Amino acid sequence: MELRDIKKQAKQAVEEVVKAAKLKKGDIFVIGCSSSEVLGEKIGTCTNVEVAVAIFDGAKEVLDEAGIYLAAQCCEHLNRALVVSRECADKYDLEQVNAIPQPNHAGGALATAAYQKFKKAVVVEDIKCKAKAGIDIGGTLIGMHIHPVVVPIRISVKKIGEAGIICARSRAKYVGGSRAVYDESLM
C-alpha cells in the first residue's frame, strides 16, 4: 500500500468521526496506532515511522482545520502516555512527563511522528479522560482516554492499510432511570 493511500484513509476516517461525534473547536481527538498492523504485520513487530507520518499528516490536516487537538498515544512500554501540543497541555492542565518516544524501543511510530511534527510537543501521562472521540488503528486500546461513556462509531472506512480500526466518541451519561426524558442532542 502506498503512503498517500494510507494518508487518504486516515484523513477520511478522521473526517467521518469528527462529523459523527459532533466535535467542536478545542476538543481532544485521540489516535492510537500500530504501524505494524497497518502494514499487515503483528503489532510491535514492524514499526514504520513513514506510515505513522502519513497517518499523522492526514489526521492533523482535518483536526487543525476544525481547531481540534490531536493526542497521539504511545505504546504500552510508555504506559500509553500521550504526545500533545504544549497548547493542549496548558488548556487542559495536563502534567508533562519526561519521555521522548522512540519508534522501536518505547513509544511507537505514531507517538514518535507526533513528537517530531508538533511545533511544541510534550508527553503527558494521561489526558484525564478528556478526549471526546478517537480512532484505534490496529488494536492499541484507546478507550481509557475517552470521557465516559464511550460509544462506538461505525464509519465507511473499515481499515487503514491492513489494520482494522475502531472508532469511538463520548456521550453524556444517562441518569434518572426509566421515567427520565433525555436531550437527543446529547446522545
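Predicted model: local features only at pLDDT ≥ 70, side-chain atom pairs only at ≥ 80, totals over all residues.
Colleague: Lysine 22 has a positive phi although it is not a glycine; is lysine 22 buried or exposed?

Modeller: Most residues other than glycine have a negative phi, while lysine 22, in the loop between α1 (3–21) and β1 (28–33), has a phi of about 55°. Buried means under 20% relative accessible area, exposed over 50% and partly exposed in between, with a 1.4 Å probe and protein chains only. Because its relative accessibility is 61%, lysine 22 counts as exposed.

Colleague: How does lysine 128 count in terms of relative accessibility?

Modeller: Lysine 128 sits in the loop between β5 (121–124) and β6, and its phi is near 55°, a positive value in a residue other than glycine. Its relative accessibility is 41%, so lysine 128 counts as partly exposed.

Colleague: How many disulfides are there?

Modeller: A disulfide is taken as a pair of cysteine sulfur atoms within 2.5 Å, and by this rule the count comes to zero. For cysteine 74, the nearest cysteine sulfur is that of cysteine 75, 6.9 Å away, and for cysteine 167 it is that of cysteine 33, 13 Å away. Cysteine 74 and cysteine 167 are each buried at 2% relative accessibility, and the number of disulfides is zero.

Colleague: What is the relative accessibility of valine 17?

Modeller: Valine 17 is in helix α1, and contact means heavy atoms within 4.5 Å. Not counting residues up to four places away in sequence, valine 17 touches residues including Phe29, Ile135, Ile153 and Cys167. Valine 17 counts as buried, because its relative accessibility is 0%.

Colleague: At roughly what angle do the axes of α1 and α3 cross?

Modeller: Among the residues that meet are Leu3, Ile6 and Val14 in α1 and Val51, Ala54 and Leu63 in α3 (49–66). Axes are lines fitted to C-alpha atoms, for helices over the stretch in contact, with angles running from 0 to 180 degrees between N-to-C directions. On that basis the axes of α1 and α3 come within 8 Å and cross at roughly 35°.

Colleague: In β9, which residue is the bridge partner of proline 152?

Modeller: Strand β7 has a covered face, Val151 and Ile153, and an uncovered one, Val150 and Pro152. Four bridges join β7 to the antiparallel strand β9 (residues 163–170), and two strands pair if DSSP finds at least two bridges between them. The bridge partner of proline 152 in β9 is alanine 168.

Definitions and conventions:
Residues numbered from 1 in each chain as written. Heavy atoms only, no water. Helix = DSSP H or I, 4+ residues; strand = E, 2+ residues; numbered from the N terminus.
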